[in-house]
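Here are my notes on the model, for your review. Please read them with the structure open.

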Amino acid sequence: MRISARADYAVRAALQLADAGDAGPLKAEAIADAQDIPHKFLEGILNDMRRGGLVLSQRGGNGGYRLAKAPEAISIADVIRVVDGPLVAVRGARPPELSYSGPAESLLPVWVALRANVRQILDGVSLADVASAELPSRVTALAEDPASWTNP
């Protein structure tokens, strides 16, 4: 599984907005500078996030972007889905849309289980969890396993 640059940038931008809280809207330039994201690329991402109902935009001198909901109500999965679509796809299709035969028949449950595990992690972590560095214990336990940090 790969996390695209678009998804990484979107989550980082959302975290910057979560950290700002009620301080007022943040300009795209400020988010881009704070997170070292190309400004033009970020503008497109913020537009997708606005259309997806995750951020609100305000025009004018005091304008910018803010989260549309509390950071506790927005999961990492919500952000990724808005900018990249389904969390797990095989050849562009969702696992339940696939079928295999012969010795590959039992591959489908592997893809479904993968999707279920990805969902458990990404749906179970909110922007507030990451912004406060208070990750769910399941995530912390996985990240603390030394094997999680190695590439086989």
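1. Largest pocket. This is a predicted model. Its largest pocket holds about 530 Å³ of space. The lining comprises 15 residues, and those closest to the pocket centre are Ile121, Leu122, Val139, Leu142 and Ala143. By class, the lining of the largest pocket has 13 nonpolar residues, 1 polar and 1 charged.

2. Second largest pocket. About 210 Å³ of space lies here. Which residues are closest to its centre? They are Ser57, Gln58, Arg59, Gly64 and Tyr65, out of 13 lining residues. Two or more residues each come from α2 (28–35), α3 (39–51), β1 (55–58) and β2 (64–67). The largest share is that of α3, with 3 residues. By class, the lining of the second largest pocket divides into 2 nonpolar, 6 polar and 5 charged residues.

3. The two linings side by side. For the largest pocket, the class counts are 13 nonpolar, 1 polar and 1 charged. For the second largest pocket, they are 2 nonpolar, 6 polar and 5 charged. Please keep both sets of counts in view when you look at the pockets.

4. Helix pair α1 and α4. Two packed helices are described by the angle between their axes and the distance between the axes. For α1 and α4, the angle is about 130 degrees and the axes lie 9 Å apart. An angle from 65 to 115 degrees would count as roughly perpendicular, and one over 145 as roughly antiparallel. The two helices are therefore oblique to each other. The crossing of α1 past α4 is right-handed. On the α1 side, the contact is made by Arg6, Ala7, Ala10, Val11 and Ala14. On the α4 side, Ile76, Val79, Ile80, Val83 and Asp84 take part. The contact of α1 with α4 has 8 nonpolar and 2 charged residues, with no polar ones.

5. Helix pair α3 and α4. What is the angle between α3 and α4? The pair packs at about 110 degrees, with axes 9 Å apart. That makes α3 roughly perpendicular to α4. Ile45, Asp48 and Met49 of α3 meet Val79, Val82 and Val83 of α4. This contact of α3 with α4 divides into 5 nonpolar residues, no polar and 1 charged.

6. Helix pair α1 and α3. Here the angle is about 75 degrees, and the axes of α1 and α3 are 10 Å apart. So α1 is roughly perpendicular to α3. From α1, the contact takes in Ala5, Arg6, Tyr9, Ala10, Ala13 and Ala14. From α3, it takes in Phe41, Leu42, Gly44, Ile45, Asp48 and Met49. The contact of α1 with α3 divides into 9 nonpolar, 1 polar and 2 charged residues.

7. Overall layout. The chain has 7 helices and 2 strands. Along the sequence, the pattern is α-α-α-β-β-α-α-α-α. Along the principal axes, the C-alpha atoms fill a box of roughly 65 × 30 × 25 Å.

Methods: Residues numbered from 1 in each chain as written. Predicted model: local features only at pLDDT ≥ 70, side-chain atom pairs only at ≥ 80, totals over all residues. Heavy atoms only, no water. 1 Å grid on protein atoms, 1.4 Å probe; cavity = no way out; pocket = protein on both sides within 12 Å on 5 of 7 lines; lining within 4 Å. Points joined across faces, edges and corners; volume = space filled by probe spheres on them. Nonpolar A, V, L, I, M, F, W, Y, C, P; charged D, E, K, R; others polar. Helix = DSSP H or I, 4+ residues; strand = E, 2+ residues; numbered from the N terminus. Axes fitted to C-alpha atoms, helices over the stretch in contact; angles between N-to-C directions. Parallel < 35°, antiparallel > 145°, perpendicular 65-115°, else oblique. Left-handed = near helix turned anticlockwise from the far one by under 90°. Contact = heavy atoms within 4.5 Å.
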